[in-house]
Amino acid sequence: MTLTPTRIRLALLALALGGFGIGLTEFVAMGLLPNLAADLLPNVWSVSHERANAQAGWLVSAYAAGVVIGAPTIAAVAARFPRKQLLLACVALFTLGTLASALLPTFETVLAARFLAALPHGAYFGIAALVAASLMGPGKRGQGVALVLSGLTIANVIGVPTITWLGQATNWRIAYLAVAAVFAASFAAIALAVPFQPGDPAATIRRELTIFSRGQVWLALFIGAIGFGGFFAVYTYVAPVVTTVTGLDAGVVPWVLVVAGIGMTVGNFIGGRAADHSVIRTLFLCFGAFAVSLLGLALTAQWAVGLFVFVFLVAAAASALSPAIQTRLMDVAGDGQSLAAAINHASLNIGNSLGAFLGGVTIAAGLGYLSPTWVGLLLVIPGVLLAVVSVGLERRARARSERAGSLALDEDAVLDRPLA
């Protein structure tokens, strides 16, 4: 059916609101990490704040692991079902998982709730990206992906800092209850504004999973996982960096998160527009900017100006990678578009889990709260190398195809030549 521009805008806003809720539930743990550590791990906290913060970082890793497992599983199984109904089911699961995170009593049970709450993450963004791309029209896939992701990045501008402040002023459990309320609102918005879209009736689990036989798909996944891990190595431990390295009051943490969120929002829209022009060029430019920003943060975080400037730049460069990687996956996935759109978030959350884990290891080893920044810088290197390999293989395949086409034309010319 034909949709009015107003209806399209409302549908995109509803999809972005779901992304806003996901941004809250995924990132609020970073700003409240010391609060979570002190409340859920009191014995460890009394012995060592660093060890407690490092262990509380497992909550971030557990969420990331849930995304990694849930994204391909849900997307492959559900590709043939109507997309709007799938989106509503995902948001309902988010609401229940976030409520459980707020109400369960122990570290172990909250850890399990964070894992379960993350299962629909990749499927939601993957399905929402396909819906947004169809609403935007041809030639605007990157911008459609960026619009869906804008909810997540804007969450880091106003949502995460506000929820962090709420959690600091009251209790981290109140913060998660507020996030659950956002998901309830997004459920209503999607139900009212997003038009019906059928799934792919020809989709089967086997067909969707065939994308994993494509080498370029694996390369794109590894580029996202390894390269993006550097951002989460830094972002997971930003609260103790603010208070311990820079020496600022805990009340400054929400403002640092605001700056990071603005950087993510700016980077997301720049990356989406750039990806519509050249995905490969966007990847290399973003990785270069990311490396420079991480180095700047490592060298200047002891000063407030350096902290704010380079947190913004690190977030912008990392966020600009996301639409480029998602578009790249959709380019190389063939018929498995639903799964390709979802596993991008699995890839990025492998990076989330990897970065949080490696950052926690270096902190627990006594290397300080800036050590995850150096971990992130090291992770950029294999990300760039994988991008180089991907481009090289693509050019080689294109050259083989062109040679084969040229030979076929020559053979046709010989066959068409009249006999003497």
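Biologist: Which residues does R173 touch, leaving out those up to four places away in sequence?

Modeller: This is a predicted model. In it, R173 touches D39, L40, S101, A102, L103, L104 and P105. R173 itself lies in helix α10, residues 172-193.

Biologist: What is the nearest side chain of opposite charge to R173, and how far away is it?

Modeller: That side chain is D39, 4.0 Å away. Still, R173 has no salt bridge, and R173 is buried.

Biologist: What makes the pair of R173 and A102 a polar contact?

Modeller: The backbone oxygen of A102 lies 3.0 Å from a polar atom of the R173 side chain.

Biologist: Now helix α13. Which of its residues are buried, and what covers them?

Modeller: Helix α13 spans residues 238-245. Its buried residues include V238, A239, P240, V241 and V242. The cover includes α1 (5-31), α2 (33-40), α12 (215-235), α14 (253-277) and α16 (304-332).

Biologist: What phi does G247 take?

Modeller: A positive one, about 75°.

Biologist: Why is W303 called exposed?

Modeller: Its relative accessibility is 53%. Exposed means over 50%, so W303 counts as exposed.

Biologist: Where is W303 found, and how far is its C-alpha atom from that of L248?

Modeller: W303 sits in the loop between α15 (279-300) and α16. The C-alpha atoms of W303 and L248 are separated by 9.5 Å, with the two residues 55 apart along the chain.

Definitions and conventions
Residues numbered from 1 in each chain as written. Predicted model: local features only at pLDDT ≥ 70, side-chain atom pairs only at ≥ 80, totals over all residues. Heavy atoms only, no water. Helix = DSSP H or I, 4+ residues; strand = E, 2+ residues; numbered from the N terminus. Buried < 20%, exposed > 50% of the residue type's maximum accessible area, 1.4 Å probe, protein only. Lys, Arg positive; Asp, Glu negative; His and termini not counted. Polar contact = N/O pair within 3.5 Å; in protein donor to acceptor, adjacent residues only side chain to side chain. Contact = heavy atoms within 4.5 Å.
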